[in-house]
Amino acid sequence: AELYVIYTVIRSVMDGNDSCRILLLPVIAFTVLGVADGIIDHFRYLPQSTYLTTFGMFFFAIFVLNLLWRSMKREKEVETMADRLKNEAVAAERRIYVDAVTGCYNRSRFDISMKEAMALAEQTQEPLTMLLFDIDFFKRVNDKYGHDVGDIVLRGFAETVRSVLDREQFIRWGGEEFVVLCVGKSLDEATDFANLIRRRVKSATLYDDLTITCSVGVSLWHHDSAEAFFKRADLATYKSKTSGRNRVTNERELEN
């Protein structure tokens, strides 16, 4: 029977089973030691009972330890692969949802950010407000200094805004327009917050001696559609631009 086991193990080794390659040694050793014990016991070669088969357990211990080592190695490989896949997923998501110039979320992420902010506002029963920024005369910067300088201004603007944000979501809507979603700020608080950012932008040195300003519109979510919510902020921003720029207008002022 043990010869058949050895034959089966050898066939498995030939089929490429690495575990059986390690198992072959203890199986052969156990068989040889068992035959030796039978001969010794039958012919009374030794004066007292001595069993060599017990030492075969050491060979099986080597096999078991090898299995444990291979198992730990496979687990490590699986963990490494999982980490690599996770990093690739994060990189892919970044390529899809993060603006390459400013590092903000891009417009593709806007709908997701809006749903997340609305869900959080519903859950916490806090107000949700939107700040829509438009960099004043940005086209002049591109026309006069080139798009490379325009990108520098965009990055500087984004860094300036990001420096005062906490849990707010920051999105580049497109071109020179940016959106900040604030959960927990009322319309008046969001208006004050927008003015703080506006002043920071004006006093920041984004490129050489350029003074960059922005016009801002602020709206409050009335548990209506995302489109209506954004439309009020857009109209408020437009009023800021037509009223002299470098100012903040909230939706309440649209009625005046």
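Figure 1. Helix α6 lies across β1, β2, β3 and β4 and runs at about 155 degrees to β2, where axes are lines fitted to C-alpha atoms, for helices over the stretch in contact, and angles run from 0 to 180 degrees between N-to-C directions. Helix α8 also packs on the sheet, touching β1, β2, β3, β4 and β5, and its direction makes about 145 degrees with that of β4; contact means heavy atoms within 4.5 Å. Helices (H or I, at least four residues) and strands (E, at least two) are DSSP runs, numbered from the N terminus. This is a predicted model, in which local features need pLDDT of at least 70 and side-chain atom pairs count only at pLDDT 80 or more, whereas totals for chains, interfaces and linings use all residues. Residues are numbered from 1 along each chain as its sequence is written, and side-chain values use heavy atoms, with hydrogens and water left out.

**Figure 2. The open sheet and its strand β1.** Five strands, in the order β2-β3-β1-β4-β5, form an open sheet with mixed pairing; two strands pair if DSSP finds at least two bridges between them. Because β2 (169–174) and β5 (248–250) stand at the edges with a single partner strand each, one side of each is left without a neighbour in the sheet. Strand β1 pairs in the antiparallel sense with β3 over seven bridges, and with β4, again in the antiparallel sense, over seven bridges. Leu-128 stands opposite Val-183 in β3, and Leu-131 stands opposite Val-218 in β4. In a regular strand the side chains alternate between the two faces of the sheet.

Figure 3. Not counting residues up to four places away in sequence, Phe-157 touches Phe-133, Ile-135, Phe-178, Val-201, Leu-206 and Cys-214.

**Figure 4. Aromatic pairs.** A search of the whole structure finds seven aromatic pairs, defined for rings of Phe, Tyr and Trp (its six-membered ring) with centres within 6.5 Å, planes under 30 degrees apart counting as stacked, over 60 as edge-to-face and the rest as tilted. The rings of Phe-110 and Phe-230 have centres 6.0 Å apart and planes at 80 degrees, so this pair is edge-to-face; it links helix α4 (residues 110–124), which holds Phe-110, to helix α8 (residues 226–242), which holds Phe-230, 120 residues apart. Phe-110 is buried at 6% relative accessibility, and Phe-230 is buried with a relative accessible area of 14%. For Phe-157 and Phe-178, the ring centres are 5.0 Å apart and the planes are at 45 degrees, so the pair is tilted. Ring pairs link Phe-133, Phe-157, Phe-170 and Phe-178 into a cluster.

Conventions. Buried means under 20% relative accessible area, exposed over 50%, partly exposed in between (1.4 Å probe, protein chains only).
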